[in-house]
Amino acid sequence: MRSSHNVWIPSLQHPLRFKDLSFDQYRCVVKVLDENDLELISTLNEIIHENIVSKFDVDRLTTLDRFIIFLSLKINSCGSSIVLSRKCDGDKCEKITNIKMDLNQLVDNIAPNIDKQFTTQLSYQNFGVICDIPTIKTEHEIYMFNNIQNVEFRSFEFNLSNYAFSHITDIFIQGQQINLNKLQHHERLLILNRMPAGLLNQIQTGFLDDIHNTVSDIDFLKMTCQDCKKEFEIKFDISNINDVLKIIYKDESVENLLHTIVNVCSQTYLGGYIGELSPMEVNRINKLVIDSQKKTSAETEQQNKDIDLFSKYRAETEHLQESQSEFAL
Amino acid sequence: MEETNKPLKIDEIIGLLDKANKTLETKVSVASIPDKIDLAPLNAFHTKNIIKSAASGLFYDYQFTIVFYNILKEITKFSLDKLSIADKAVLLLELRSKNISDELEVEVKGTKKVDDKDVTDTLKHKVKVSKVLSKLSFKSDEFEEKVVETPEYSVVLRFPSIKEEYDFTDHLYKNKIANVDEENKVAIKGLIAPVFVYTLAPYVKKLKIGEKEISLEGKKVDERLAVIEKLSANMITKIMQKIEDTFALTLNKISEVEVEKDDVKYKGFLKLDAELFIQK
């Protein structure tokens, strides 16, 4: 049975327990990092469903909660230290720069700004809305709907139609509260498209601008090319947290882990169970295997030295003259 | 706010929304007619379409004209045949003031003396749109017919209606602009002449040759364009001049902003396009 750990959930302001990421799950995440956004979020959501230990409806988690969960899973399952590489895109410079990052430091940097509930109630004339970070369920429905409509993810059309709307959870019309999360996505669109423009404006200035400003000063990544000194930085933004996750999971440890797996599978009988272990556990086993290999090699060498009587005899008799054989003619 | 537990069906929710939106209707004054007209609020779908038109490339102005016409059809029952493009300019400002924000930033320019030399100075000035609207006043003769004569024939000009502007823009877009590659400078240059004709044509309402008077209103766009293309260069020049001396002045009056700072008079114009609904 895999280890589990508590993860503090910002939207709930209390922890939930999750099993560590298994190697198979880690491999699934790495596989979808270069796929489209729908594949990525579907995989991440599925892993949350599989790994949650606490009794909780995971569909209520927000996209920010999911980011924190996967950040925590990476730290607890693979270790907090990651090495990121980047090829410089400066003029005629293609130098590869490596940077070591401690994910615990990232948590310390962003926690003060995002460890809170973002739920906000706004009103305009006889309308009102409750805004929040989108739930993973809402996000998934939006992507599925747009996938069917053949709208390119991250396109202007996609963002224009969905970004603001995805942050609205409830709408009040003349005192009547309508929970949009209980409706199908196309029904949500029918309602939200009829919302007065003034209310949409309020949502932009009274909620969306605020959450962007909350994290606008945080640098996620800052690198300087060793050759041309060109600087590269990625700012942390609520709207790009999936991209930040991709960078975190696509670090240099992926390749090392694959070598580790091959070594462990070839040296042990754990081949069939490796998938269930977390990457950190696999690394520990690999270390044991390597240590064991070194020990065995040293013992064998010693053993070989002990039974080599001939070299000992040769050394003792080297100085003696050879006597003629009695049978010589 | 109250919360009720009764789950509403989607039709009921939409009915409730439409009823609530109706309470946001306002009566606004326009330029050419003394009556006030009822205007429903802009909704999120309208705003999205306006933003999409602004992002549609080099010809975003034409896209905005088409989008805004369709929005006006939804938010007012008043016939868009009877409202002129001057009324449209006023409606744009009213919608900005009531749906987005009453404050708007505009760039104004003035000439000031620096070391005895005249230097152009540019300022960013925040105006209250409602104040701009309250200062507007129009004379009835601004919307009357204007006659332009040459020895051979004469034409009668009047402000294009919002519907006419839409018809001509839609025709221009579909027939000339839609397939033009924006990167192709030669193709873009080739649009100058047709755009010129499409701009003048909606103003020309009647053609008088001797005793015969031909009304162009109600005719198809193709037919009206064909007439304009046959007019002499002399007549075209006179039409352009008349538009500049009369109709353009009325339109400029609506969007003009004047401000005085440190004894320097600054002047600018509000951009009456999609930017009005995007700018904070």
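Helix 2 (residues 37-51) and helix 5 (residues 136-148) of chain A have axes that come within 10 Å and cross at roughly 145°. Axes here are lines fitted to C-alpha atoms, for helices over the stretch in contact, and angles run from 0 to 180 degrees between N-to-C directions. Helices (H or I, at least four residues) and strands (E, at least two) are DSSP runs, numbered from the N terminus. This is a predicted model, where local features need pLDDT of at least 70, side-chain atom pairs count only at pLDDT 80 or more, and totals for chains, interfaces and linings use all residues. Residues are numbered from 1 along each chain as its sequence is written, chains are lettered from A in the order in which they are written, and side-chain values use heavy atoms, without hydrogens and water.

Which residues of the two helices meet? From helix 2 of chain A come D37(A), L38(A), I41(A), S42(A) and N45(A). They meet I136(A), E139(A), H140(A), Y143(A), M144(A) and N147(A) in helix 5 of chain A. Contact means heavy atoms within 4.5 Å.

Now turn to strand 1 (residues 4-9) of chain A, the place of H5(A). Is H5(A) buried or exposed? H5(A) has 8% relative accessibility, so it counts as buried (under 20% relative accessible area; exposed is over 50%, partly exposed in between, with a 1.4 Å probe and protein chains only). Its side chain makes a polar contact of 2.8 Å with the side chain of D20(A). Another, of 3.3 Å, links the side chains of H5(A) and N76(A). A polar contact is a pair of N or O atoms within 3.5 Å; within protein, one must be able to donate a hydrogen and the other to accept it, and residues adjacent in sequence count only if both atoms are side-chain atoms.

S22(A) sits in the loop between strand 2 (14-19) and helix 1 (23-32) of chain A. S22(A) is also buried, at 2% relative accessible area. S22(A) and I274(A) are 252 residues apart in sequence, yet 8.5 Å apart in space, C-alpha to C-alpha.

Next comes a sheet. Four strands of chain A form an open, antiparallel sheet in the order 5-6-7-8. Strand 5 (120-124) and strand 8 (176-179) of chain A stand at the edges with a single partner strand each, so one side of each has no neighbour in the sheet. Two strands pair if DSSP finds at least two bridges between them. Five bridges join strand 6 (residues 127-131) and strand 7 (residues 168-173) of chain A. Across them, F127(A) has I173(A) as its bridge partner.
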